[in-house]
Each structure stands twice: as C-alpha cells, then as structure tokens.
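Have the structure open as you read.

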Amino acid sequence: MGDPMDLELSPSRGMKRKAEDNTSILERQPKMQASSLFNCLKRDLTMNYSSLQVTLIQQVAYALSDKIFSYSPESFDLDVAVKDWSASNTTNANGYITRIAPMQTRSGAGSIALGYMFSKDFDLTKKHIPQSLLASSSSLHSLRAALDQLSLLYSVASPLVAHVAAVDYAPDSSRGLVTDYASALTVAEELGLGLVSSSSAYEVQHMSLFSTILASVLPTIHIYDGVSVGRDTLRVIDVLNQGGLNTTYTNVLKELSKLGKRADAETKAIHLLNAFNNELGTAYRPFEYRGHNNAETVLVVFGSVESSLAGQVAEKLSAQGSKVGVVNVRIYRPFVEEEFLKTLPASVRNIGVLGQVVDQTIVADKSAHSNLYEDVLAATIFANRWTTPPSVVDLKYSRAETFTPTSVAAIFHQLVGKTPESDERLELLDSSQVKQFTFWDVEDSAASTAPSAISKFLSGDSASNVTISQTHDNFVQGGTVRTDIRNSKRSVEAYYPIEEADIVFVGEEKLLNEIAIVKSVKAGGKLVVKLSEVKDEDLEKKLPVFVQTEIKFKGIQLFILDPTLSTAVEKDSAAETLLTQLAFIKVARPELFESGIKELASINANVDLLNEAATDLDKVLRQVEIPETWVEVDVDSEVPDLPRTITSSSFTGFEKEEIASSSLLRNWESAAKGLVFKEAYSTKTSLRPDLSVKTFEVTVKENRRLTPVTYDRNIFHIEFDLGNSGLTYNIGEALGIHAENDVNEVMEFMEFYGLNPDDIVEVPSREDPHVLDTRTVFQSLVQNIDIFGKPPKRFYEALAEFATDENEKKELLTLGGTEGANEFKRRAEVDTITFADVLLEFKSAHPSFHDIARIVSPMKRREYSIASSQMVNPTTVALMIVVVSWVDPKGRDRFGQATRYLSKLPIGAKVTTSVKPSVMKLPAKDTAPLIMAGLGTGLAPFRAFVQYRAMQKAQGKEIGSILLYMGSRHQREEYLYGEEWEAYQDAGVITLLGRAFSRDQPQKIYIQDRMRQTITDIIKAYIKEEGAFYLCGPTWPVPDVTEVLEEAIARDAKASGKKIDPRKEIERLKEDLRYVLEVY
C-alpha cells in the first residue's frame, strides 16, 4: 500500500479537535525511548503491511496485552506487525515481550486461549492484564464455543478483547470478499459480549483502546471494516505512543472504582466512555447523530463504511433542505436504550434501520429481521417520549452489498417517499478541492508498484492529505489491481471507488476490453494508456470502439506511454515503473516535474536509472490528437457490456502456478476394456463427454456466402439439419458451436512433434477429476486442446521447465515474467503467436503429450444468434456469421478458430452444438408492433422474428406492424438477406424497411439517422400501439439510438400535453421488456 506518509489520526469526525489545531495530544502524553514500540511502529509503517489502520490495531493489542492469539487467514495479514515486534524482542507497556500464538480457524478454535487463561501454571500476577484476539469475522463461528464458556466464567478470568476485521469469503456472492458485521452482531447478542465499532479509519486506534478498557467489564469485540476502511492508507493525526496508550488505559480504569459494586454493564460502559473522553479530550458517544436539527426521518446504521457514508449523505441532503439525519451505533452491546433515545431528534417521525444480515435469502424473507432492527424497535416502542411512537422500518441488506453516496441517498429518498431521477448521482467531494487518480494494472506488470511511489511523492507536501485504496481481483486478466488515490488539503472520508477521476492510468490495455474504465474519467479529464509500438494512425485499430466513442464524447485528453522506446528500459526493465511515475507527474503536476525527479530519486533509491528514464520521457510519452474518424466504426465490431469496476476477491495477488491432473497415455487395450466391461469400469458413452453442457449433433444442410467473393469480409449463411438430435430452440436464442481445429494443421503439428494420432489418452473430466474421458491424441488435438490458440504468460513459464537449452529456458522464463512484458505483448498482439508456434520455435522444450494437455488451454464454445424460427422451420436451424481474419507480420493469413471452422464445413458435415437462452423474446401479444435495429450480423435474430410473424399472417392471424432498421457499410456488398426483407415488405409483413449504408454516399448515414427520419412511424408503433424495441449488434450505437427513442417519447408527450421524463420512461420500458438490447 505504500508509506502511510507521516500519518495522522483524528478521533471522531465533527466532534473533536480539528486537524488544523497545532496542539497535539501526544504532547500531553508520556514520551518513549528510541527503542520503544512507537518507534518500531514508525519503522514498520514504511514496510509492506496491509494498511495503517490494521497496524494501529496491532499496536494497541501488542502494547497492552499479555498474549495475543491470532486467527488471521492467509493474505489477510492481521498479525504481521505483532509477529515482527515480538520476533525483534520489543517490550510492551508491561515491560516484557508480548507472545504471539498463531492459530488455525477450525472447530474448537479458542480452546487454547481459554486453556491458557485457566491453566494452573498461569501467572496470577498477570490476571489483570488483557489477553487479545486478532481475527476476521469468518473465525467467529469457530470461536463461539470458547467465547460462550469465557462469558460464563468471566468474573475469574483475565480481560479479553477481540479485534475483529469484518471480512469473510462468500463463494456464493458475486464478490469474493464481503464485509461481515452480521456474525459479530449475532454472537455479541446471543453470548452477552460487548461490541464496539470503529466508525471511520481516523478513530480506529482510539476504539481499539476503548474496547480493551471495556473488556475489564465484559468480554468485548472491537469490529472494523476489513475490506476497505481497515485497508486504506491515509494521513492521520494524534497517534498515541505506547506511553500514551498505557497512561490512558490506567487512568480510565481508575474511574471504574468510583462506581458502586452493583452498577450494571450499561452504567459501567457509559462511565468508562465519559472518562475516556475526559482523558483524551474527545467526544465519543455510544450513539452519534449527524444531520438536520429537526429531522423527521432518521436512518440508524452500524459499521464503518455505513456510518461514514450515511453521515456525509445526511449532512449533504440536510444542507439542501431535507429533514433527514443519521444515528451511528458505536456501542452496540451493551445497548443503552436511554442513550439511544436521547440521541434521536424530538421531531423524528420515521426511523429506518440499515441492518446487515447474512445473505439475500434472509433479505427476501419478510418474517426475518436484522439484529439491529429488533433493538431499535424495542427501544422505540417502550419509550414514553412520544404520544405516537415513530414508525420503524427494517432495511435489511446482505453482506455482499456495497454502498456509494448515490445508493445511500436512494435509501433516504425511499424513506421520505421521494422518487429520485434515474441518473441522479450524489457527489460528496468538491472536485475543486480534491484531486482523484485511478491506476489500473495487472499483478505481474513491471509498473504495478508505481502507484505506491506516486502516493509517497504526493504525500511529500505536509499540507496535503493523501488516501490510497487498493482492490485486487484475481479473476480478471489473471490478477488485476485497481488503486485509487485522492489528494486534498483537508482529510477525506471516501470509502467507495472513484467515479470522476482527474487522471486514469491504464498499464494493461486489455483491461479496456473487460472493464468500463473510461466511464470513470471525468469530462475533460486525462487518460494515460501504456501501449507498445503503436503509431497514432493505428490507435483506431488498437483501442476498442466504445473507448474511442467515450473519449471523444467526454473530451478526454489521451496520452500514450510506450516504454519500448526507452533505452533505460532496454537496459533495465525496472526503469518501466520509473517511467510510469515520471509520466504521471508530467501529466498531473507538470510544474513539479523538475523537483519531483529529486523526490522520486529518494523514494526509489536509484538515481542514475531514474535520470536515464527522465531523459527518455519526451520520446516515450506523447499526447494524441483525437481524430474525427473515431466515430466511423465497424458495425460488426464486438463490444462487451462491461462492469464499471472490479470486485475485491483478495487482498493480494495469488500464485499463478496451478497443479493440474495429468492425462495418462494408455494403449488401445485399456480403452477396449472400459468399452467391453462397462459396468466393471463404470464406463459411460456420450457425444462429447468433455463438455459440461447438453450437446446435440446436427448436420450441415446449406453453407453459402452472402457477400461477394471479391469483398474483404466473408459473411455467410449456414443452415443445419436437426435430424433426430432432439435439439429444440426458441426465437431469439443462441446456438453454441463446439468448433474443431483444422484437421490438416493438426496432422502437420503431430508430424512435426512426433505424435501417434491413434494413441489413447485419458484426460480428467472438467466436471469431476476422478472421472477420466478417453480420447485419441488426434481427437484431443482436434476437439479438446486449443493448440492453435493464443498462449498466456503462464504457458511460457510452464514450458521453460522442459527446455534443455539454457538460452531457450532463460528466454521462456523472461517471456513468462514481468521483465518480458513488452516482448510478450508484441508476440501476442502483433505476431499473434499460437501454442503450436511456440512449441515449434523452442525446439529443446519438448513436453510429452500428457504435459501438453496439462499446460495448453482447452477449447471453448462460441455462441451465435439463431437466424431462424423452429415454428416455421421445425427441422433446421440457421446462423449468419462473419469470418474473423487478419494477416500477421510474417504475411500469414490468420483466422478466428470457430468462424473459419464453420465457413469451411461441407454439406453433410456433423457439428456438435448446444443452445443458450437469450433476452430477445417476442411480445406476448401478436398485435404488438416490433421495432428492430440490427447492425451487420446483428440482423440474425430479427430474421427469426419476421419468419414467425409471416407465418402468423399466412394463417390469417392479425399481427402488429414491423419496423426493421438495418445498418452496414455498402448495399452492394453487405445487403444481408436483402431480397428476403423486400419480399416480406411486399407481402405486407414488414411495414417499414430503414436501410442505412454508411459509406455509399459522401455523408455518413447511420441507423439512428434512418430512425430519426421516420420518427413519426416510431411514435405510432412504439408509443401509440405499445410496441417493443430491439437492438442487436455492437454497443457503440446504443446512446444514439436511445436518444432517438427519447425524442419520440418527448414529442408524443408534448403533443398529448403530458409531462413525461423520457429517460425514466425508457427505464420503465426496460422493465416491461419493451426496450431490449443484445449487444456485444
């Protein structure tokens, strides 16, 4: 995460001394010697620990504990600092070394800690000294039995505090990691434990200390957000040193003796909190309010992100006139009802309780309630404060749910009965005061450490506050890292992804194809993309279409960083991260560039290499003038529907090495035994046993090219006879093609490699590794192994193990590592090297066939929209496909594996297929009009729609009107199914045929232009007659086409004298399945 940058800690937002006050609490606390824990803390904060907050929690635990029992899952790093301090013999506040006991989370966990405290050998002089647990909420279930016993015997036990990171793995969630408060809430309630929450990263040390003090009354859990807040690095003030911690702990506990012996836990907790505030000059309360003074609607929350976000949103909305507020529950147990009621404004009428539950099943269960709701409801109903108690609503949410300012604002709108605008976003940060930067890269990038160095550079300004948040997703590009950096003169609480970045850096351009990165760049912002050996005129081919569109639409300044042009990188690959740092400063803060070089030199400790990189910067970094032609895109270009960010699946990258089951070469006799003695060998025969989906074998009935042979794009129609396959499909569904490698190329490869095509190989099934699929070597290479596919880095690394030539081994390892990133990128994207090419190139690396089956990726099916209706053609299924082809630098023709396979199939050939459902469905009413827009091969499903409606008309049924809009480049070459469309129009099936051939005239005409020209027909069919709209094809025209529909809605509303928001109406139409997109 980088250095925490002379970090400061503010006790509790809005109720304590401001950061600008020069009087430090540390000045009022005892100072420590040079060898103290605090100096160890300062040293360790410069190391690669998870975050400052996690380290501060460990500091409190180490300073005040006799022993620490750690239940930290691997990669969570909840105990890294305490282990280091103990190993270096650092003494605690009690004058001896705190011992660390790393434990495993399993059934019976906690028994050792319990046994230690009640052992006959336990030193009773240490009984008053707390014992600490460091754990994640995933461990609470296993610790429950021990905590239950401890609570029963607590009067004779040592104080115990558990510092728990609210984080767990949830395999059934779309996120790998979830923030888990629900487990702690349940355990604390059922076992009678104390439960204290840190409301923000700025107070985590104070709440760790207070929880340790509260443990003298009852066993206490201190919980904090373990996914984001506990991991973020930021500037804090007033960090207590070990002497300060010990003095506060001792002085506050003395106050407990002033209470009577019969005082209950609630009274003691409040008394201790007041004493804690008096000692530190803070103003913490068990329940804390933010928002309008006369709020009528109040949201009750528990948790770090929840309280921070909800409080900020409430203040923002109340400043705009909304009478809303937030009560943050700091001390959940003991739940002091009198304090809660005092915190609520007298004006409150509605209370919403944002209560976390385990999963979405409980959210949907109306009979189940959150723990927090039950406490709030009980306190409210039995209070004598109101004549009519306020209503209390349980707003349950699952552990997997995440919050943003906009989603929290929506909760308030829901409570007050207001319907927000569909595109209304709430901004909490002032863009003039806060600069925001986002870095995207892959784990093994040569420049993946650059954001850490840049954050250190930015924090060099003592007047600045820098926060760094990092997200790891190990399921995107083999490990992707997003780093958000916010820089401001004031402290910032922003525990959510940056949505309007000033600068976005992309270290791996493939991420642009998987994540909607450019959407998070603010209008007029800057985008820096690392691209190797790409000229400006070739950018249009390199960058995805939707990226080009977004850049042009938002006025984004585009910069290209090409490290391959640097002599420093050629000499030392470590220079790439230096170039990234320099490029960022040049783009973000050009006025600091000269002085920044000196600062970066001290951060990176490599002055000579940094100076060489700085000399290369002008030829490596360039700004690109955005060409006007970027809007002229290929209608058949594939653009996926992308997420705006990644999801946190881990806190670190993962080991890329995978242990796979080996395939086993067997002779024909072993296969024959399995076939003859099926019962004894549990043998099952199936069409494609290696595939996980239900498959059908169909026969090619027709295969004809739709575009001229002289045209550079081969778009063809292929039709299959279903025979007795049993395959059935619905209108709009897709056909999965389980393509095969080219037989001639497979035979050539086997001859070169010395393989016997008839050898039998048993390969572990993809569904169950204990089940073996029996194939020949030839079958495996034709149907299973993607030998002509694109190899990833891990293939080069795996192949190096088999190289007997040291030079070849070294080169393979380089290509598989970070230092060979640029060469690997060139081979993959420029030379389009295949697995077979690599095996041919590195002759000394000659793995056996079963190793090839292990290290080469399996083939995947390809899916295509079906261009026929089975109601009309019961025995056939048709597709329309464009062959993907290109020429590599060696002049070799290259093809997309599946499209070439299909284009070359002769009549009578057998093909393995499967069916995939789709969102493209006809309206329930046959009389509902159809408005369809298809670009290129996106016309395929609409052919099925029209066929079905034509059949209905021929049967004498009344059908709705059909408006078909089609787009391609040239009518002469790409008028796909043109004669069919015209015949359907002559027969009265198609009402309107809107043809847009973009390049047949000087001015470009696109599909949205034809729609706008016939907008009155759209108003009649879509709005008056309640038709359904469909768009199939690439993503890029969606905004323009939608704009035409919004214009139609607005014109109709104006003519009718109605007030309708077109955007909201489009959203309603989506829900009614009258606005359907299938884009790619």
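**Rings and charges**

R943 lies over the face of Y977, 4.6 Å from the ring centre. For a charge to sit over a ring, NZ of Lys or CZ of Arg has to be within 6 Å of the ring centre and within 35 degrees of the ring normal. This is a predicted model, where local features need pLDDT of at least 70, side-chain atom pairs count only at pLDDT 80 or more, and totals for chains, interfaces and linings use all residues. Residues are numbered from 1 along each chain as its sequence is written, and side-chain values use heavy atoms, with hydrogens and water left out.

**Another charge over a ring**
- K586 puts its charged end over the ring of F593, 4.7 Å from the centre.

**Aromatic pairs**
- The whole structure has 28 aromatic pairs (Phe, Tyr or Trp rings, the six-membered one for Trp, with centres within 6.5 Å; planes under 30 degrees apart are stacked, over 60 edge-to-face, the rest tilted).
- F76 and Y169 have ring centres 5.6 Å apart and planes at 45°, so they make a tilted pair.
- F76 is buried at 1% relative accessible area, while Y169 is partly exposed at 38% (buried is under 20%, exposed over 50%, partly exposed in between, with a 1.4 Å probe and protein chains only).
- F795 and F835 are edge-to-face, because their planes are at 90° with centres 4.8 Å apart.
- F795 is buried, with 1% relative accessible area, and F835 also counts as buried at 1%.

**Aromatic cluster**
- Y181, F287, F302, Y332, F335 and F340 come together in one aromatic cluster.
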